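Keep the sequence and the structure side by side as you read.

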Amino acid sequence: MQIIINGKTYAANPGEKILDVARRNRVEIPTLCHSEALPGLASCRLCMVEVHEGGRTQEVAACTYPVTDGMEVVTDSEMITAKRKILLALYNLIAPDSERIKGLMARYHVEPFDRLQADAENKCILCGLCVKACEELGTNAISTLFRGTKKKIGTAFEQPAAECIGCGSCASVCPTQAIEMTEADGKRTIWDKTFELLRCQDCGEYYTTPEALAHVRQKLGDTVGNIEELELCDYCKSRRAAEKLKNGLRLNELFDATVK
Ligand code: SF4
């Protein structure tokens, strides 16, 4: 299957979304709410593109729209670019300190709205990525609260949630750093709840909460190959994986040398 993006032809696979093909081929389409691990939210609307197929032209979200053979996509028409600029200026009003939004504004030459006041207190653009991350974990500790201008993300009744395991996934996926997570003296505080932190068995750095570790152990059950690795921080896990790979390569070299 092939699709055309901005006049160039690219190979695509059935089931892929326009954004997948674009990113694989380094065609730029901006996003805020997209994460490869949690795709398909289509809430920030920055990835809107123009699609020409079957004699019709429409604007679609590139992160959710599936490719079809021969489809033509335009990522930067005058209309698309103009709408993208307005969206970015609006997001900048909501989250004026977000480096990611500031970067996109610079990239697309967007001037901030000068007649509207930015709310320096608020940082959340309500993209919903944090809620999706928590849902995927199966913890469902946060959700959208209230409606209209009062809409926000939070825990039920804005009280510390029993379901929250302090894993920090919501904070790490947030594109505007709107979720406050602090760590001090071996403790992590998030959503008004404080957790003890565990140390990595290799480097000794604090890395997760006992509740998050127990949750992962319970989810993985017997399927995890090396249970010890759960007690390592991400850095040490990667280092061990790299060492294993290196040792494997050395063994291969030794084997080759012996056989030759
Ligand atoms: S820290 Fe709490 S709210 Fe955030 S993803 Fe983990 S369980 Fe959900």
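Q: Leaving aside neighbours within four places in sequence, which residues is Val-49 in contact with?
A: This is a predicted model. Contact here asks for C-beta atoms within 7 Å. With neighbours within four places in sequence left out, the partners of Val-49 are Ile-18, Ile-29, Val-60, Ala-62, Val-73, Val-74, Thr-75 and Ile-80.

Q: Which residues touch the most other members of the largest nonpolar core?
A: Nonpolar side chains tend to be buried together in soluble globular proteins. In this model the largest nonpolar core holds 51 residues. Those touching the most other members are Ile-18, Cys-47, Val-49, Ala-62, Cys-130 and Ile-142.

Q: Which element gives the most residues to this core?
A: Elements giving two or more residues include β1 (2–5), α1 (18–24), β3 (48–53) and α2 (78–94). Also among them are α3 (99–107), α4 and α5. With 5 residues, the element that gives the most is α4.

Q: From which domains does this core draw at least three residues each?
A: The chain is divided into domain 1 (1–122), domain 2 (128–195) and domain 3 (197–260). The core draws at least three residues from each of domain 1 and domain 2.

Q: How many residues does each side bring to the contact of domain 1 and domain 2?
A: The centres of domain 1 and domain 2 are separated by 26 Å, taken over C-alpha atoms. Their contact takes 10 residues from domain 1 and 10 residues from domain 2.

Q: What classes of residue make up the side of domain 1 that touches domain 2?
A: Look at the side of domain 1 in this contact. By class, its residues are 6 nonpolar, 3 polar and 1 charged.

Q: Which element gives the most to the shell around the ligand?
A: There are 15 residues around the ligand, and Cys-134, Ala-141, Cys-164, Cys-167 and Cys-170 come nearest. Two or more residues come from each of α4 (129–137) and α5 (169–173). With 3 residues, the element that gives the most is α4.

Q: How do the residues of the shell around the ligand divide by class?
A: Sort the shell into nonpolar, polar and charged. The division is 11 nonpolar, 4 polar and no charged.

Q: Does Phe-157 count as buried or exposed, and why?
A: Phe-157 sits in the loop between β7 (152–155) and α5. Because Phe-157 has 8 C-beta neighbours inside 10 Å, it counts as exposed.

Q: What distance separates the C-alpha atoms of Phe-157 and Arg-239?
A: Along the chain, Phe-157 and Arg-239 are 82 residues apart. Their C-alpha atoms are separated by 42 Å.

Conventions:
Residues are numbered from 1 along each chain as its sequence is written. This is a predicted model: local features need pLDDT of at least 70, side-chain atom pairs count only at pLDDT 80 or more; totals for chains, interfaces and linings use all residues. Domain bounds come from an automatic or database domain assignment. Two residues are in contact if their C-beta atoms, placed from the backbone, lie within 7 Å. Ala, Val, Leu, Ile, Met, Phe, Trp, Tyr, Cys and Pro count as nonpolar, Asp, Glu, Lys and Arg as charged, and the others, Gly among them, as polar. A residue is near a molecule or strand if its C-beta atom, placed from the backbone, lies within 6 Å of it. Helices (H or I, at least four residues) and strands (E, at least two) are DSSP runs, numbered from the N terminus. A residue is buried if 20 or more other C-beta atoms lie within 10 Å of its own, exposed if 12 or fewer, and partly exposed in between; C-beta atoms are placed from the backbone. A nonpolar core is a set of buried Ala, Val, Leu, Ile, Met, Phe, Trp, Tyr and Cys residues joined through C-beta atoms within 7 Å.
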